[in-house]
Amino acid sequence: MAQLTKRQIRRKMRAEEKAEGVSSFQKINRIKKSTNAVLTAVMLIIAILTVLPVVLCVIISFTSSESLTYNGFSFFPTSFSAKAYKSLFATGSQIVDSYLVTILVTAVHTLISIFIMMMYAFVLAHQRFPLKRFYTFVVFFTMLFSGGLVPSYIINVNYLHLYDTIFILILSGMVSAYNIIILRTFITTTIPMDLFDAAKIDGADDFRVFLKIVLPLSKAGLATIGLFSLVGKWNEWFVGMLYIDNPKLIPLQTMLTRIQQKIDFVKNNSSVASTPDGQALLKNMPSEQTRMAIVVVTTVPILFAYPFFQRYFIQGMTIGSVKG
């Protein structure tokens, strides 16, 4: 009798949950209020620890030299000054030219890169493509082995003649094997293959299917990969350091790196710093505040790009990273 009563109770609970529209998946993913509070507190701490270095960087850029000398790095400086930003923008047109070059290179590179990788991913996701396994292996192989720096330099300089041109900044790192695999998985898990067959019956070729069906239905995946490509290209400095000599083509991050290396070289080389020219060079070099101001100036634009991708970012990562 007791066993029958328990069954009746369980059936009643199931009927009530079904009437309330609670699915089994939702029941499994329920979080207790206490657990939710702990997770919220942990995430809040992580967010604060992530934001604090950025806040400190901004505060130091507005800190006066006297306060920085006597108190060091502090969230509560004794005096503020905008001298670092004035000296930064008074150095001439170099920072403006570097800004324009970085914005142009980042925008063009991101658009071309996601279009090429999306086309490659579409081919790999096509079930009837006979060489799908071969080209998937080619992409995967490049994730494990690469030609190296010396062969790529020889090809770019001696054969493609891209040295000291803006094209080396745009074309470098155009295709990422990791991003292609994510996009391939995103297409296979979110777009039914029946849509491809229906478009074929209506007379559409593969390129038209790609433009009219795949691209409009892949906004989340494109936004995610676009954000990866955007941030990576914006923060890239090594290509400009290796291939660019023209001051008009120096990217922003490369300019920042060269300033940092010049300061470190003079400060660490006593024979240079002790000379009159070295002392004059140290006097005219950016201080800690100016270097922090450069970091702020280079970081703020990319921060404004995140809100435009945020609505697609989580969906693109969760769907495109799991094979269904």
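## Basis of the description

Residues are numbered from 1 along each chain as its sequence is written, and side-chain values use heavy atoms, with hydrogens and water left out. Because the model is predicted, local features need pLDDT of at least 70 and side-chain atom pairs count only at pLDDT 80 or more, while totals for chains, interfaces and linings use all residues.

## Overall composition

The protein chain contains 19 helices and zero strands. Helices (H or I, at least four residues) and strands (E, at least two) are DSSP runs, numbered from the N terminus. Of the 324 residues of the chain, 32% count as buried; buried means under 20% relative accessible area, exposed over 50%, and partly exposed in between, with a 1.4 Å probe and protein chains only. A contact is defined by heavy atoms within 4.5 Å. Among contacts between residues at least 6 apart in sequence, 71% join residues at least 24 apart.

Helix α3 covers residues 33-61, and its 29 residues reach 42 Å from the first C-alpha to the last, close to the expected 42 Å. The expected span of a helix is 1.5 Å times one less than its number of residues. A kink of about 25 degrees lies at Val-51, shortly before the proline Pro-53; the bend at a residue is the angle between axes fitted to the seven residues ending there and the seven starting there. Cys-57, Ile-59, Ile-60 and Ser-61 are the buried residues of α3, and what covers them includes α4 (65-71), α5 (83-89) and α18 (288-303).

Val-297 counts as buried because its relative accessibility is 11%. Not counting residues up to four places away in sequence, Val-297 touches Tyr-85, Leu-88, Phe-89, Ile-95 and Tyr-99. Val-297 and Leu-88 are 209 residues apart in sequence, yet their C-alpha atoms are 9.7 Å apart in space.

## Nonpolar cores

In soluble globular proteins, nonpolar side chains tend to be buried together. A nonpolar core is a set of buried Ala, Val, Leu, Ile, Met, Phe, Trp, Tyr and Cys residues joined through side-chain atoms within 4.5 Å. The largest such core has 36 residues, and Ile-95, Ile-168 and Leu-169 have the most contacts inside it. Among the elements that give two or more residues to this core are α3, α5, α9 (166-171) and α15 (252-268). Helix α18 gives the most, with six residues. Leaving aside neighbours within four places in sequence, Ile-95 is in contact with Leu-88, Phe-89, Leu-252, Met-255 and Val-297. A second, separate core of 24 residues includes Ala-121, Ala-125, Ala-204 and Leu-222.

## Aromatic pairs

Rings of Phe, Tyr and Trp (its six-membered ring) pair if their centres lie within 6.5 Å; planes under 30 degrees apart count as stacked, over 60 as edge-to-face and the rest as tilted. By this rule there are twelve aromatic pairs. The rings of Tyr-153 and Tyr-243 have centres 5.3 Å apart and planes at 20 degrees, so this pair is stacked. Tyr-153 belongs to helix α8 (residues 149-159) and Tyr-243 to helix α14 (residues 238-243), 90 residues apart, and the pair thus links distant parts of the chain. One aromatic cluster is formed by Phe-115, Phe-122, Phe-196, Phe-207 and Phe-210.

## Polar contacts and accessibility

A polar contact is a pair of N or O atoms within 3.5 Å; within protein, one must be able to donate a hydrogen and the other to accept it, and residues adjacent in sequence count only if both atoms are side-chain atoms. Asp-97, in helix α6 (residues 94-125), makes such a contact through its side chain with the side chain of Lys-248, at 3.2 Å. The side chain of Thr-254, in helix α15, reaches the backbone oxygen of Trp-237 at 3.0 Å.

The table gives the accessibility of several residues.

| Residue | Relative accessible area | Class |
|---|---|---|
| Thr-254 | 0% | buried |
| Tyr-243 | 5% | buried |
| Asp-97 | 16% | buried |
| Asp-164 | 27% | partly exposed |
| Tyr-153 | 31% | partly exposed |
| His-161 | 58% | exposed |

## The loop between α8 and α9

Most residues other than glycine have a negative phi. His-161, in the loop between α8 and α9, has a positive phi near 55 degrees. Asp-164 lies in the loop between α8 and α9 and has a positive phi of about 60 degrees.
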